Amino acid sequence: MFKPFLRVLAAMMLALGIGSAAHGAVPLEGCFASLPPASGDAERVLAPPPVWDCTSPQNRLGTGDFAARLLFAPVKADPANPLVLRFASVWQDRAKFVFRYADGTTASLAFSSWQASRYMTIGAIFELPVPTHKAPLTAIHVEIKDSANLRGIVLGATLMTRSEADRLTGWLIALYAGFAGLILALVVYNLAFWVALRHRFQLVYALMAASLAAYTFTSSGAALLVFSNLDNNDRLRINYLLLYFSGVLGLAFIRAFFGRAVFTPRLRRYCDVVSGLALSGGVAVALLAPWQFWLLDRLFFCAGLALLSCIFPIVWNAWRSRNRYFWLFMLSWGAPVAVSMARLAHGFNLIGYSFWLDNGNLLALGGEVLFSTLLIVARLRELSDERDDARAHAKLALRLANSDPLTGLLNRRAFLEQAIGRAGRFRLMLIDIDHFKAINDRYGHDAGDEMLGSIAQTIQACRPRDALAVRLGGEEFALLVPMSHQAECNPERILAAVRDGAMPYDVRVTVSIGFAEGQIATEADWRRLYRLADSALYRAKADGRDRACRATDFAASAVA
């Protein structure tokens, strides 16, 4: 069952140049020499320069014009599957390639920075067709004009067949297309959730992902394939700017995600300063290059080193605070940080160029966005739980503030807040326990409290869903019922439920009810309705208790 996985892994290794030697690709070594500024014709590069340097790193020669001689054993090309020369894109104004064959014939090919789209392929790799000749190819001479030579003059030069190059390009297109689709999905996903939930880290992450997509679009060379008139050196300018803009947004996402628990005031100030330096470095290279390019490049990578240094106190603070997302964060950002460190080492010329180093960030960033999605989902789950807990506590607090602690019914304040202003007609029933003082005197106040709780439960059992039940004070309760429910919740039902209900100490308990009907749109309406119902309650008690009495016209006139 591992065979499909191994095939995919082998294909990815081929796409990154690891398996190229096994498939016929020929990595080329080279010798280099500086040229006087006036040189520039094909004959000059065909003639041996005064001094070839075949051992020193290319960047030791500084900036300027250069000649190169690529070294390889003679290669006989198949006309049906010709050779191509592939090499990495670097900052230079013009390049001229002269191909020399065993019979002494030559062929040349030249292009400038603004014509780079002719030969650019995905991965920011130049792919030059080698003219087919009956004699074997024995040498390739190169002349470079105005090379910045920050890390090399001709990097990653490789000879391979057209079929091999097409296969490699196909895998790279698949990888970059997959990455682009993943980034697009994450941008839409996080923007949609940000619109709904308004968590700042989602917006920052969407911006970071969009910036990474823009950076990948330019760094992969796809920008030249889409905009054929774009100068390759201008593409590199944009790369400098977008790289650190993405890094600053990544740092802003981490800061918004972890919050103040990890980002202490000192760390926040440090990250702000470093972010400013990084953006300044990117802008400086984009605007000023190639003026003082070596210095600008060193300052740029020093700012990148400072930006990367923020990760270490972040990791330390997250570890020390026992942040629950520490290991998921390490899993998400470990690979991009490692690749960034390797690219910084290459920027400082501590390690050489490799195809893996130049394109490995794609896989690292792909892993980061996948694991960061899990990180964001976990954080959203935590925030959702916190929100639910907060709502539950708020509901509980509101319930406690609005309820009578002994019976659980609404207290008088909450009842009036919810009752006054309701539209429609209502029946207000005032319910008073008969001879409650005698119960307290005979059985004690604890038994009286139990009795109040039992009566409250009985009233609740008779209460329709949209009715309000309240303990007004002492042994007096009230039930406010919409007239639409008068049939199912009437005074006689409550009287019967109290008589038949199980009470503490098997005491037989009855209640008296006075009720009135009317509106409660205003506080004046409420006072009038209450006076009517209270008058009816007084009449029920005077007539012998254990009964209900409705407010009548005579009661209204008496109250008036």
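The following legends describe an overview and several close-up views of a predicted model.

Residues are numbered from 1 along each chain as its sequence is written. In this predicted model, local features need pLDDT of at least 70 and side-chain atom pairs count only at pLDDT 80 or more, while totals for chains, interfaces and linings use all residues; side-chain values use heavy atoms, with hydrogens and water left out.

**Overview. The protein chain has 17 helices and 15 strands.** Helices (H or I, at least four residues) and strands (E, at least two) are DSSP runs, numbered from the N terminus. Of its 560 residues, 49% count as buried; buried means under 20% relative accessible area, exposed over 50%, and partly exposed in between (1.4 Å probe, protein chains only). The accessible surface comes to about 27400 Å², with 60% belonging to carbon and sulfur atoms; areas come from the Shrake-Rupley method with a 1.4 Å probe, and for residues only the protein chains shown count as cover. Among contacts (heavy atoms within 4.5 Å) with a separation of 6 or more, 76% are between residues 24 or more positions apart.

**View 1. Strand β2 (residues 29-35) is paired with strand β3 (residues 64-71).** The two strands run antiparallel and are joined by seven bridges; strands pair if DSSP finds at least two bridges between them. Glycine 30 stands opposite leucine 70 of β3. Because five of its seven residues are buried, β2 is largely enclosed by the rest of the structure.

**View 2. Helix α7 spans residues 265-288.** The end C-alpha atoms of α7 are 34 Å apart, which agrees with the 34 Å that its 24 residues should span at 1.5 Å a residue. The expected span is 1.5 Å times one less than the number of residues. Buried positions in α7 include Leu267, Cys271, Val274, Ala278, Val285 and Ala286, and also Arg268. The buried residues of the helix pack against α6 (232-258), α8 (293-309) and α9 (311-320).

**View 3. The largest nonpolar core has 70 residues.** A nonpolar core is a set of buried Ala, Val, Leu, Ile, Met, Phe, Trp, Tyr and Cys residues joined through side-chain atoms within 4.5 Å. Phe253, Ile254, Phe258, Phe263, Phe293 and Ile314 have the most contacts inside this core. Its largest share, 10 residues, comes from α6. Leaving aside neighbours within four places in sequence, isoleucine 314 contacts Leu251, Ile254, Phe258, Val262, Phe263 and Leu267. Another core, of 34 residues, lies apart from the largest one and has Phe32, Phe72, Leu109 and Met120 among its members.

**View 4. Serine 332 lies in helix α10 (residues 326-347).** With a relative accessible area of 1%, serine 332 is buried. Not counting residues up to four places away in sequence, serine 332 touches Glu368, Phe371, Ser372 and Leu375.

**View 5. Arginine 427 is part of strand β11 (residues 422-433).** Arginine 427 counts as buried because its relative accessibility is 8%. Its side chain makes a polar contact of 3.2 Å with the side chain of glutamine 486. A polar contact is a pair of N or O atoms within 3.5 Å; within protein, one must be able to donate a hydrogen and the other to accept it, and residues adjacent in sequence count only if both atoms are side-chain atoms. Beyond four places in sequence, the residues that arginine 427 touches include Leu479, Met483, Cys489, Pro491, Phe515 and Glu517.

**View 6. Leucine 428 also belongs to strand β11.** At 0% relative accessibility, leucine 428 counts as buried. Leucine 428 and alanine 533 are 105 residues apart in sequence, and their C-alpha atoms are 6.7 Å apart in space. Leaving aside neighbours within four places in sequence, the contacts of leucine 428 include Ala478, Leu480, Gly514, Trp526, Tyr530 and Ala533.
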